[in-house]
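Visitor: I am new to this structure. Could you show it to me and take a few questions?

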Amino acid sequence: MPITLSPMAPSTGDREGLVAFLMRNEFPFHVRPRWSGQQVEAAIDAGSFQDDDNESYWIDHPERGRVGFVRFENLTEAGPLFDLRLDSAHRGAGLAAGILRAATDHVFTTMPTVTRFEGQTRQDNVAMRRVFLRCGWVKEAHYRDGWPVEGGSPLASVAYGILRRDWVSGRTTPVDWDDLSL
């Protein structure tokens, strides 16, 4: 039974649900690990979850129910990004690979001009980094000290991507890291 992405209407019907979700959970591997109600309300009002450049979807699991949400960002570009947030009660349950596959399928089946899809995480989010690799994504960048950490030193931000052609073929195209010689 597959994961489904249900469209979210954050400025209307889903506003209270999104506020409650973000306030009751902590997201230790995100730039903003905790949200206040005011922060969520301001982000909704600014269009951060739904506008020309952003779309948000609830993540529904056939047995567990609503387990989180995914936001697609930079939709006006050929290579959008995503922000995935799981409810703390459902973390560590092996759901991330199915969710990433559902998100990837959504992007490439509903956005015909998208040629690549990207995600980033902190270097210490080993579980998510393994999910990227399991799902055929390729590590494309390692931005040293690129991820601010609340109350601590910055960590590296690690970027992964998948190309449409790789999604279609089921094969992974590696990055040519040694394409320039001195």
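Visitor: Which residues do ring pairs link into a cluster?
Guide: This is a predicted model, so keep that in mind throughout. Rings of Phe, Tyr and Trp pair if their centres lie within 6.5 Å. Linked in this way, the cluster consists of Y57, F72, F82, F117, F132, W137 and Y160.

Visitor: How many aromatic pairs does the count come to?
Guide: The cut-off is again 6.5 Å between ring centres. By this rule the count is 15 aromatic pairs.

Visitor: Is the pair of F49 and F69 stacked or edge-to-face?
Guide: Planes under 30 degrees apart count as stacked, and over 60 as edge-to-face. The ring centres of F49 and F69 are 6.0 Å apart, and their planes stand at 70 degrees. Therefore the pair is edge-to-face.

Visitor: How many residues apart in sequence are the parts that F49 and F69 tie together?
Guide: F49 and F69 are both buried. F49 lies in the loop between α2 (37-45) and β2 (54-61). F69 is in strand β3 (residues 65-73), so the pair ties together parts whose separation in sequence is 20 residues.

Visitor: Which strands hold Y57 and F72?
Guide: Y57 and F72 form an edge-to-face pair, 5.7 Å centre to centre, with 65 degrees between the planes. Y57 is buried, and F72 is buried too. The pair ties together parts 15 residues apart in sequence, because Y57 lies in strand β2 and F72 in strand β3.

Visitor: Over which ring does the charged end of R32 sit?
Guide: There are charges placed over rings here. The charged end of R85 sits over the ring of F27, 4.9 Å from its centre. For R32 the distance to the ring centre is 4.5 Å, and the ring is that of W35.

Visitor: Which element gives the largest share of the largest nonpolar core?
Guide: This core has 31 residues, and I59, F72, F82, I99, L100, F117 and W137 touch the most other members. Two or more residues come from each of β2, β3, β4 (81-86), α3 (96-110), α4 (126-134) and β7 (152-163). The largest share is 8 residues, and it comes from α3.

Visitor: Which residues does I99 touch, not counting those up to four places away in sequence?
Guide: I99 is one of the core residues that touch the most other members. Leaving out residues up to four places away in sequence, its contacts are I3, I59, V67, L84 and L86.

Visitor: How many residues does the other core have?
Guide: Another core lies apart from the largest one. Its members include M8, L22, V40 and F49. The count is 13 residues.

Visitor: Is D145 buried or exposed?
Guide: D145 is found in strand β6. Its phi is near 50 degrees, a positive value in a residue other than glycine. Most residues other than glycine have a negative phi. The relative accessibility of D145 is 56%, and the cut-off is over 50%, so D145 counts as exposed.

Visitor: Where does N74 lie?
Guide: N74 is another residue other than glycine with a positive phi, near 60 degrees. At 22% relative accessibility, N74 is partly exposed. Its place is the loop between β3 and β4.

Visitor: Which residues does S48 touch, not counting those up to four places away in sequence?
Guide: S48 is in the loop between α2 and β2. With a relative accessible area of 24%, S48 is partly exposed. Leaving out residues up to four places away in sequence, S48 touches A43, N54 and R71.

Visitor: What is the radius of gyration of the chain?
Guide: The chain has 5 helices and 7 strands. The globule rule gives 16 Å for 182 residues. The chain's own value is close to that, so it is as compact as a globular protein of that length: 17 Å.

Definitions and conventions:
Residues numbered from 1 in each chain as written. Predicted model: local features only at pLDDT ≥ 70, side-chain atom pairs only at ≥ 80, totals over all residues. Heavy atoms only, no water. Helix = DSSP H or I, 4+ residues; strand = E, 2+ residues; numbered from the N terminus. Buried < 20%, exposed > 50% of the residue type's maximum accessible area, 1.4 Å probe, protein only. Lys NZ or Arg CZ within 6 Å of the ring centre and 35° of its normal. Core = buried A, V, L, I, M, F, W, Y, C linked by side-chain atoms within 4.5 Å. Contact = heavy atoms within 4.5 Å. Rg over C-alpha atoms; globule rule 2.2 N^0.38 Å.
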